[in-house]
Every structure is written in C-alpha cells, then in structure tokens.
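Please work through the structure shown below for a reader new to it.

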Amino acid sequence: LTPEGHLIPWSRWTAGGVTVTTSVCEVRRASPAGDVLVVGAKAALTNPGAATKNIALIVALRPLGPAGFAVNTLTVDGRSALLVDGRPALIGEGPPMSAGGAADDCVGRLAAERKVPAGSSARSADGSCSGALLYLLTIAPGATIERGFVCPVLPGRRAVGHRWDGESPWAQLDLSVPNPPEGGQLQPDPGQPILLGFDPRL
C-alpha cells in the first residue's frame, strides 16, 4: 500500500543522494472514442540533504519486458510525447529538456551519459526502436519534485486473451499473438489532445 493506504504498487530507492519514489496504476477513463485504459506513472524525487541537487530524470520507452511490444517506428511529437507506430505511447507531464528516438535499444547506455537519442523519428525492421524524455531538475534541500506520465494501453490495437500451451504444471508459454489482424478486442485511441488532459496521478 502507498503511505495514504491506496492499493497502488510503488517502489523507493536512492540515487545520487536523491530519494526516488515511483508508483504506477492502470485505470479506465471515459473519452469521446469510448472508455480507454491508461497507465499513470509518477516519479517523486526528494532531496533529503542540506545542499541543492541538480539531477537528470530520464524516462525511457523500450521494447522489453513481459508487457513489451515491437516498436517498429518511434516519433517524438510535441516534444513531450513519444508515438509508437503513429499511436501515443508515452506522454510526459510538461515539456522535457529534450526527447529523442533511435532505431536500436540504446537508451540505457545514453542515460548513463545524461543523454537521450538525437533523432526525432526512427524506424526498425525488427521492432527494436527506443526513445526517452530527459528532464533536468534542480531540487532544493528538503524539497520534492514530481513528474507524471500517461501511457495508453494498446490504443488502436487489438487486445487478446491468454492462450497457454498447457505443457507444464509449473510454467506455461502464452501462445497468443499480440495485436492480431482479426479477433481480439479493438482498443479505442482517443488521440493525443484527449490524453494530454488526463491527470497522470489518476
């Protein structure tokens, strides 16, 4: 539970003398295109020390993880949004210092250098594009700065149920095909202007 008692997953760690608390939650929101599922993420950065901290917060979009998806094209739109295959995928609260995309998954290496990819668009035949938003923040002693982000769930794509292979009682593979050309349930895409109006703190 969050300190307020909400059933929202959160984690906390320290980096560079700053305490970072991240939380994430998926909710349903009404839109002119129909009810849309969106993920709201928040990063709260606290400076517990006696000196001002100048830090870089880099928010990355990568084609990895159990909820990952092939990123065939990535475009920076309006500086604070990353589009995947022409659909909104990551929308930041407020404009970042810079944003960019690349045809390969290089954002981790660049983040270590306080950089993001230089390109405003990228294309990858094997779906390995990546992108990032860079925020440069100055945090006074004892202060906390928050940044929020909205990620719509499969906008304009088809959601499908699990299809387990049934081969093992211990672990099974999901044989379902993400975003099939037919079947599944088409998810609405309300468009970036509507998504920009969603509160990332949900």
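Q: Why does Asn 179 count as partly exposed?
A: This is a predicted model, in which local features need pLDDT of at least 70 and side-chain atom pairs count only at pLDDT 80 or more, while totals for chains, interfaces and linings use all residues. Residues are numbered from 1 along each chain as its sequence is written, and side-chain values use heavy atoms, with hydrogens and water left out. Buried means under 20% relative accessible area, exposed over 50%, and partly exposed in between (1.4 Å probe, protein chains only). Asn 179 has 32% relative accessibility and therefore counts as partly exposed.

Q: Where is Asn 179 found, and what is its phi?
A: Asn 179 is in the loop between strand 12 and strand 13 (185–186). Helices (H or I, at least four residues) and strands (E, at least two) are DSSP runs, numbered from the N terminus. Phi of Asn 179 is near 50 degrees, a positive value in a residue other than glycine. By way of background, most residues other than glycine have a negative phi.

Q: Why does Leu 154 count as partly exposed?
A: The relative accessibility of Leu 154 is 26%, which means that this residue counts as partly exposed. Leu 154 lies in the loop between strand 11 and strand 12 (158–159). Its phi is near 50 degrees, again a positive value in a residue other than glycine.

Q: Is Leu 186 buried or exposed, and why?
A: Leu 186 has a relative accessible area of 51% and is therefore exposed. This residue is found in strand 13.

Q: Which residues is Leu 186 in contact with, leaving aside its neighbours within four places in sequence?
A: Contact means heavy atoms within 4.5 Å. By that rule, Leu 186 is in contact with Gly 156, Arg 157 and Arg 158, leaving aside its neighbours within four places in sequence. Pro 117, 69 residues away from Leu 186 in sequence, is 32 Å away in space, C-alpha to C-alpha.

Q: Is Leu 110 buried or exposed, and why?
A: Leu 110 counts as buried because its relative accessibility is 11%. It is found in helix 1 (residues 107–111). Not counting residues up to four places away in sequence, Leu 110 touches Lys 115, Val 116 and Pro 117. Leu 110 and Ile 58 are 52 residues apart along the chain, and their C-alpha atoms are separated by 9.8 Å.

Q: Why does Leu 64 count as partly exposed?
A: With a relative accessibility of 46%, Leu 64 counts as partly exposed. Leu 64 is placed in the loop between strand 4 and strand 5. Its C-alpha atom is separated by 9.7 Å from that of Ser 130, 66 residues apart along the chain.

Q: What makes a set of residues a nonpolar core, and which residues touch the most other members of the largest one?
A: A nonpolar core is a set of buried Ala, Val, Leu, Ile, Met, Phe, Trp, Tyr and Cys residues joined through side-chain atoms within 4.5 Å. The largest nonpolar core has 23 residues, of which Leu 45, Leu 57, Leu 61, Leu 82, Leu 90, Leu 137 and Phe 149 touch the most other members. Among the strands that each supply at least two residues of this core are strand 2 (18–29), strand 3 (36–46) and strand 10 (130–139). Another core, of eight residues, lies apart from it and includes Val 36, Val 38, Val 150 and Phe 198.

Q: Which residues is Leu 61 in contact with, leaving aside its neighbours within four places in sequence?
A: With those neighbours left aside, Leu 61 is in contact with Val 71, Leu 74, Leu 82, Val 84, Ala 89, Leu 90, Ser 130 and Gly 131.

Q: Why does the radius of gyration of the protein agree with that of a compact globule?
A: The radius of gyration is taken over C-alpha atoms, and the globule rule is 2.2 Å times the number of residues to the power 0.38. For 202 residues, a compact globule would have a radius of gyration near 17 Å; the protein has 18 Å, which agrees. The C-alpha trace spans about 55 × 40 × 40 Å along the principal axes.

Q: How many helices and strands does the protein have, and what percentage of the residues are buried?
A: The protein has two helices and 13 strands. Buried residues make up 35% of its 202 residues.
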